[in-house]
Amino acid sequence: MIAIPRTKTFVIEHKKQSAKEHVGFALTVIENHFNEAEMGKIDTETAKSRALYELAKFGFGSGDERDGFIIVDGEGRLLV
């Protein structure tokens, strides 16, 4: 049946678009704090802590399908 492949394709494309939007949001949060550190308003560690805190609070979806960010550092340690 033709409807199933179209539905599957639609769902996959929707998830791809959502992922791009969420990554864009996360990058904006990180860049904002990095810029504060670059301007000398806060130190680098404070910028990292604030960005992680904000991203840890953020969730998307609803109910049982609510998700959030998973962030690991350069050594593979889970941060959020």
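**Before you start.** This is a predicted model, in which local features need pLDDT of at least 70, side-chain atom pairs count only at pLDDT 80 or more, and totals for chains, interfaces and linings use all residues. Residues are numbered from 1 along each chain as its sequence is written, and side-chain values use heavy atoms, with hydrogens and water left out.

**Stop 1: the whole chain.** Show it as a cartoon. The protein has two helices and two strands. Helices (H or I, at least four residues) and strands (E, at least two) are DSSP runs, numbered from the N terminus. Read from the N terminus, the order is α-α-β-β. The radius of gyration, taken over C-alpha atoms, is 17 Å, well over the 12 Å that the globule rule gives for 80 residues, so the protein is more spread out than a compact globule. That rule is 2.2 Å times the number of residues to the power 0.38. Along the principal axes, the C-alpha trace spans about 60 × 25 × 25 Å.

**Stop 2: burial.** Colour by accessibility. Buried means under 20% relative accessible area, exposed over 50%, and partly exposed in between, with a 1.4 Å probe and protein chains only. Buried residues are 19% of the 80 in the protein.

**Stop 3: the core.** Select Ala 26, Val 29, Ala 51, Leu 55, Phe 60, Phe 69 and Ile 71. These seven residues form the largest nonpolar core. Helix H1 (3-38) and helix H2 (44-57) are the elements that give two or more residues to this core. A nonpolar core is a set of buried Ala, Val, Leu, Ile, Met, Phe, Trp, Tyr and Cys residues joined through side-chain atoms within 4.5 Å.

Now centre on Ala 51. Which residues does Ala 51 contact, leaving aside its neighbours within four places in sequence? They are Val 29, Ile 30 and His 33. Contact means heavy atoms within 4.5 Å.

**Stop 4: Thr 44.** Select Thr 44 in helix H2. Thr 44 is partly exposed, at 47% relative accessible area. Draw a C-alpha distance to Phe 58, 14 residues apart along the chain: the separation is 21 Å.

**Stop 5: Leu 78.** Go to the segment after strand S2 (67-68), where Leu 78 lies. Is Leu 78 buried or exposed? Leu 78 is exposed, with a relative accessible area of 61%. Beyond neighbours within four places in sequence, Leu 78 contacts Ile 70, Ile 71 and Val 72.
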